[in-house]
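Hi,

Here is the structure I promised to pass on. Please open it alongside this note; my findings follow below.

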Amino acid sequence: MATSTAATENLTESVLELDYTPQMAPPVTDLDGPPKVHYLNHSFGWLSWLLTVDHKRIGILYLIPLTIFFMCGGIAAGLVRLNLIQPYGAILELDQYNKAFTAHGTIMLFLFLIPVIPGVLGNFFVPMMIGAKDMAFPKLNLASWYVWMAGAMFFIAALLFGGLDTGWTFYPPYSSKYSHTNVLAAGLGVFITGFSSILTGLNIIATVHKMRAPGMTWGRLPLFVWAMYATSIIQILATPVLAMAVCLLATERIFQVGIFDPTLGGDPLLFQHLFWYYSHPAVYIMILPGMGVINEVITCFSRKNIFGYKAVAWSSVGIAVVGFLVWGHHMFLSGQGIYLGLVFSVLTMLVAIPSAVKVFNWTATLYGGQITYEAPMLFVIGFIVLFTIGGLTGLFLGIIGTDIHLHDTYFVIAHFHFTMVGGMMFAWQAGLHFYWPKMTGKMYSDFWSRMAAVIMLVGFSLTFLPQFIAGYHGLPRRYPYYPVEFQMMNILSTAGATIQGFGYLMPAVYLPLSLFFGRNAGANPWRATGLEWQTPSPPTPHNFEELPIVTHAPYEYALPSKYNLESGHAYEVTKGESGGH
Amino acid sequence: MATNAPHEGESREPIVAHHFNNIRQQHASVRFGMWIFLVTEVLFFGGVLCAYAATRIWYPKEFEAGSTALNPFIASINTFLLLTSSFTITLAIRAAYKGQHTGLRLWLASTIVLGTVFLGFKAREYYGDYEEGLIPGPLKTQVDDVDTNGKPILREVSVFAVNLKHVLEHKGGKAKEISDKMTWNERDRTQIFFVFYYGMTGLHVLHMIVGIGLLIWQLLLAQLGFFKPTERFIYIEVMSLYWHFVDLVWIFLFPLLYMAGKHSMDGIF
C-alpha cells in the first residue's frame with residue numbers, strides 16, 4: 001500500500017519505491033500478533049457462517065467439506081487398490097469393485113479437484129490479490145456454495161444408496177441401457193455442482209475485470225489471478241455443455257428413446273463428443289489453478305521475480321483456448337474418422353507448448369535464486385518433477401500411433417494421476433501450506449509439514465511409476481482381474497498408496513493442531529510480495545482499511561535498488577522489468 | 001457482514017453495496033456479470049443445438065415429418081407475443097432511466113402478462129400434442145405390414161409411430177405425402193425429433209418461468225419504491241438482457257422446430 005511515509009516521499013522521483021522490498025519486508029516474526037477484529041472473530045455463531053457473504057469465510061466453508069470429500073474419494077481408492085493385491089480380487093465383489101472405482105473417480109473429479117483451488121484459494125485470495133474488498137457478487141458467491149453443497153449431497157446420497165457403476169465418464173450404454181444403478185440421481189448431482197462451477201467462474205471473471213484496485217493493471221496481476229481467470233473462462237464455456245449432455249442422457253433414460261443408443265437410432269459417439277467437450281477442458285480447470293499457485297510459491301522461496309511474466313500469463317490463456325480444441329484425443333479408438341483423429345492428435349501436441357513454457361519458466365525462475373526448502377517449496381518441487389513426467393507421458397497418449405497401443409491401459413491411469421495428483425494435489429498442498437498462516441494466523445509445524453511433503457512424494461511415486469510399466473505391458477484399466485505376472489506391480493502400487501494415504505493424513509492432523517498450539521504467524525511469515533500479504537493475518541473483515549494503490553509488478557523480490565546504488569540507471573531497469581503496463 | 005451505514009433518513013439498503021467503491025463500478029460489474037452469464041447460456045443451448053444439428057443431418061426425413069406434425073399456428077402467435085414483450089421490457093428500462101415509476105410498473109406488468117399468455121398458449125400446444133399421442137415412449141403395438149417379399153405380416157412398432165401416421169394423414173396434402181413415403185422404422189425414429197422438440201421448448205419454458213418470476217419480484221420491488229432513486233435502473237437493465245436472450249432462443253427454436261418441414265434437407269448431401 002502506498003501509504004507508508006517513505007513511499008509518498010519518493011513516489012514522484014522514482015518508481016523504485018517498494019514498500020516491501022526484501023530489505024524492508026518484515027522478517028519472519030511472531031511479534032505482530034493477530035488484529036483485534038478479524039474475519040474469523042468479528043461475528044460468532046453458526047448462522048454468521050452460513051449466511052456470510054464474506055469471500056474469506058466462504059473459502060473456509062469450501063475447505064471443510066472438500067477435505068471430507070477428499071477422504072471419501074481416498075477411501076474408495078484404497079478399496080480399489082486393496083482389491084487389486086490379488087489377481088482375482090482380494091476383498092470386493094465385482095459390482096462393488098465397479099462402484100468403488102466409479103466413486104473414487106467421480107468424487108475426486110467433481111467434488112474435489114474441480115472446486116478445490118477455485119473454491120478455497122480462489123475465493124479467499126483473488127479479491128485480496130487484486131486489492132478488492134470482496135468478490136463482485138458476494139451473494140452469488142454464497143449461493144454458489146449452497147448450490148455446490150446441494151449437488152454434492154445429492155451425489156453422495158446417490159453413491160451411498162445404490163452406488164454408481166458407470167465409471168466417471170458416464171458413457172452410454174454403461175449409463176443408459178446396462179446400468180441398474182443411480183445414474184439419474186448422480187447425473188443430477190453433477191448437473192447441480194456444474195452450476196456452482198459456472199457461477200464461481202462468472203464471479204471470478206467479473207471480479208478480475210471490474211474490482212481491481214487503482215494501479216492494478218493486467219500486467220501487474222499476480223499470476224495466480226491470471227490462472228484463475230483462464231480457469232474461469234473454461235468453466236463458463238465448457239460446463240454448460242456438460243450440463244446439456246447430462247440433460248440429454250436423462251431424457252434418454254426417462255423417455256427411453258435413442259439419442260445415444262444406436263439400436264434406437266442414436267449415436268453413442270455424440271455423447272462422447274459432448275462429454276469430452278467439457279471434460280477435456282475440465283482437466284485444465286483442475287490443473288490451471290494449481291499452476292497459478294506454483295507461481296506464487298516458487299517466486300517467494302527463490303526470492304526472484306518470475307522469469308517471463310507475460311509468457312506465463314499468456315500460457316494460461318493459451319492452455320484455456322487450445323484446451324477446447326483437443327477433446328477428440330479421448331476418442332481415437334471410438335470410431336471417429338481417422339483424419340479427424342489426426343487433426344486432434346496434432347492439436348493435442350499444441351497444448352504441450354504452453355505447458356512447457358510454464359515449466360521452463362519456473363525452472364528459469366529457480367536458476368540463480370536463493371532457494372529455501374520450506375514445506376510449500378518442497379511441494380512445488382514435487383509438482384514440477386511429477387507434472388513434467390505426467391506431461392511428457394501425455395504426449396505418448398496424444399500421438400495417435402502410440403495411443404492405439406496404450407489406450408485404456410494403466411499407462412493412462414498413471415499419466416492422469418501424475419498430472420492430477422502429482423500436479424494438482426501437490427499444488428493444492430503447496431497452496432494450502434503457503435496460505436495457511438494467512439488464512440488462520442497460525443504457523444504449523446515446520447518439521448512435520450516437510451515430512452508430509454517427502455512422504456507424499458515417495459508414496460506417490462511408488463504408487464504410479466509401476467503403473468506406467470504395467471500399462472505399457474498391456475494391463476487394461478478398470479478390470480477387476482489381471483494375469484498373475486502383474487501381481488508384483490500391483491502390490492507395489494498398493495504399498496505406495498498406503499504410504500501416500502498416510503502422507504495425506506498428516507496435514508489433516510498438524511494443520512488443525514496448529515490452530516491451538518501454533519505460534520502466531522504474523523502478517524507476512526514468508527516475506528512474500530503481493531497485496532494479500534500486506535493485510536494482517538488473519539485478514540480484517542474488509543481486507544483493506546483503505547483502498548490500496550498499486551505501483552509495481554507482483555513479484556519484485558529482486559533488488560532493483562541494488563542497480564540503483566551500483567550503476568545509477570535503475571529507473572530504466574525497473575521500467576523494463578515491471579512489464580505490461 | 002457489516003455494510004456501509006445507510007444514508008441519513010434512509011432505512012433501505014444503500015445504493016452502492018459495501019464492496020464497491022462507487023456506483024459506476026457497481027453498474028459495470030452487474031452489467032458485465034449478466035453478459036458473462038448469457039455467454040454460459042449460449043453454450044448451454046449451443047450443446048443441444050449441436051446435438052440437434054448432428055441428428056438432423058443423419059435423419060432429414062424424420063425431422064421433416066416430425067416438424068410437419070407440429071402446430072405452427074400457435075407457435076406463430078407465441079413468436080409475436082414474445083417479440084412484443086421484448087419491446088415492452090425495453091420501455092420499462094426507459095421508464096426506469098427517467099424515473100417514471102408508473103410507467104415502469106405498467107411496462108413490467110405488461111411484460112409479465114405477455115410472458116404468461118405465451119406460457120398459456122404453449123401449454124395448450126403441449127396438450128394438443130398429448131391428445132394426438134405425439135409423446136415418445138417405449139409403448140409398443142402391432143400393425144399390418146408387408147415384408148420384403150410382399151407377404152403380409154404383423155409388425156411390432158411403437159404407439160408413437162402409429163399416432164404420427166394418423167396425425168400426418170389427417171393433416172392431408174403435403175403432410176400425407178411425407179407420411180406415405182416413410183417406412184415404419186423411420187416413423188419410429190421420428191421420436192428423436194420429438195425428444196428435441198420437448199427438450200428444447202421445455203428448457204425455453206423453464207427459462208421463461210424463471211424470467212417471469214424475476215419480473216414479478218421486480219414489479220414488487222418497484223411497488224415498494226425500490227427503484228425510486230434512478231440509480232437502480234441497472235437491475236431492470238440486466239433483467240431485460242436476460243429477457244431478450246430468452247426471446248432470442250425462441251427466435252432460433254421456431255424455425256428449427258416448426259419450419260424444418262418446409263425446408264427439406266433431403267438431397268443436401
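**Chain A overall**

Of the 581 residues of chain A, 57% count as buried. Bear in mind that this is a predicted model. Chain A has 17 helices and zero strands. Its C-alpha trace spans about 80 × 50 × 45 Å along the principal axes. Now the contacts in chain A between residues at least 6 apart in sequence: 84% of them join residues at least 24 apart.

**A helix pair in chain A**

Two packed helices are described by the angle between their axes and the distance between the axes. Take helix H13 (residues 410-440) and helix H14 (residues 446-472) of chain A. Their axes come within 8 Å and cross at roughly 170 degrees. An angle over 145 degrees counts as roughly antiparallel, so H13(A) is roughly antiparallel to H14(A).

Which residues meet there? On the H13(A) side they include Tyr410(A), Phe411(A), Phe418(A) and His433(A). On the H14(A) side they include Ser449(A), Phe460(A), Phe464(A) and Tyr472(A). The residues of this contact divide into twelve nonpolar, six polar and no charged.

**Arg220(A)**

Arg220(A) is found in the loop between H6 and H7 of chain A. Is Arg220(A) buried or exposed? A residue is buried if 20 or more other C-beta atoms lie within 10 Å of its own. Arg220(A) has 22 C-beta neighbours inside 10 Å, so Arg220(A) counts as buried.

Leaving out residues up to four places away in sequence, Arg220(A) touches Val550(A), Ala553(A) and Pro554(A). Asp134(A) is 86 residues from Arg220(A) along the chain, and their C-alpha atoms are separated by 19 Å.

**Chain B**

Chain B has nine helices and two strands. Along the sequence, the pattern of chain B reads α-α-α-α-β-β-α-α-α-α-α. The C-alpha atoms of chain B fill a box of roughly 90 × 30 × 30 Å along the principal axes. A compact globule of 269 residues would have a radius of gyration near 18 Å, but chain B has 24 Å. Buried residues make up 36% of the 269 residues in chain B. Among the contacts in chain B with a separation of 6 or more, 73% are between residues 24 or more positions apart.

The strands form a hairpin with five residues between E1(B) and E2(B). E1(B) covers residues 140-146, and the count of buried residues among its seven residues is zero. Seven bridges join E1(B) to E2(B) (residues 152-158), and the two strands run antiparallel. One bridge pairs Val146(B) with Pro152(B) in E2(B). In this hairpin, Gly150(B) takes a positive phi near 85 degrees.

**Where the chains meet**

Best wishes

Methods. Residues are numbered from 1 along each chain as its sequence is written. Chains are lettered from A and ligands numbered from 1 in the order in which they are written. This is a predicted model: local features need pLDDT of at least 70, side-chain atom pairs count only at pLDDT 80 or more; totals for chains, interfaces and linings use all residues. Helices (H or I, at least four residues) and strands (E, at least two) are DSSP runs, numbered from the N terminus. A residue is buried if 20 or more other C-beta atoms lie within 10 Å of its own, exposed if 12 or fewer, and partly exposed in between; C-beta atoms are placed from the backbone. Two residues are in contact if their C-beta atoms, placed from the backbone, lie within 7 Å. Two strands pair if DSSP finds at least two bridges between them. Axes are lines fitted to C-alpha atoms, for helices over the stretch in contact, and angles run from 0 to 180 degrees between N-to-C directions. Angles under 35 degrees count as roughly parallel, over 145 as roughly antiparallel, 65 to 115 as roughly perpendicular and the rest as oblique. Ala, Val, Leu, Ile, Met, Phe, Trp, Tyr, Cys and Pro count as nonpolar, Asp, Glu, Lys and Arg as charged, and the others, Gly among them, as polar. The radius of gyration is taken over C-alpha atoms; the globule rule is 2.2 Å times the number of residues to the power 0.38.
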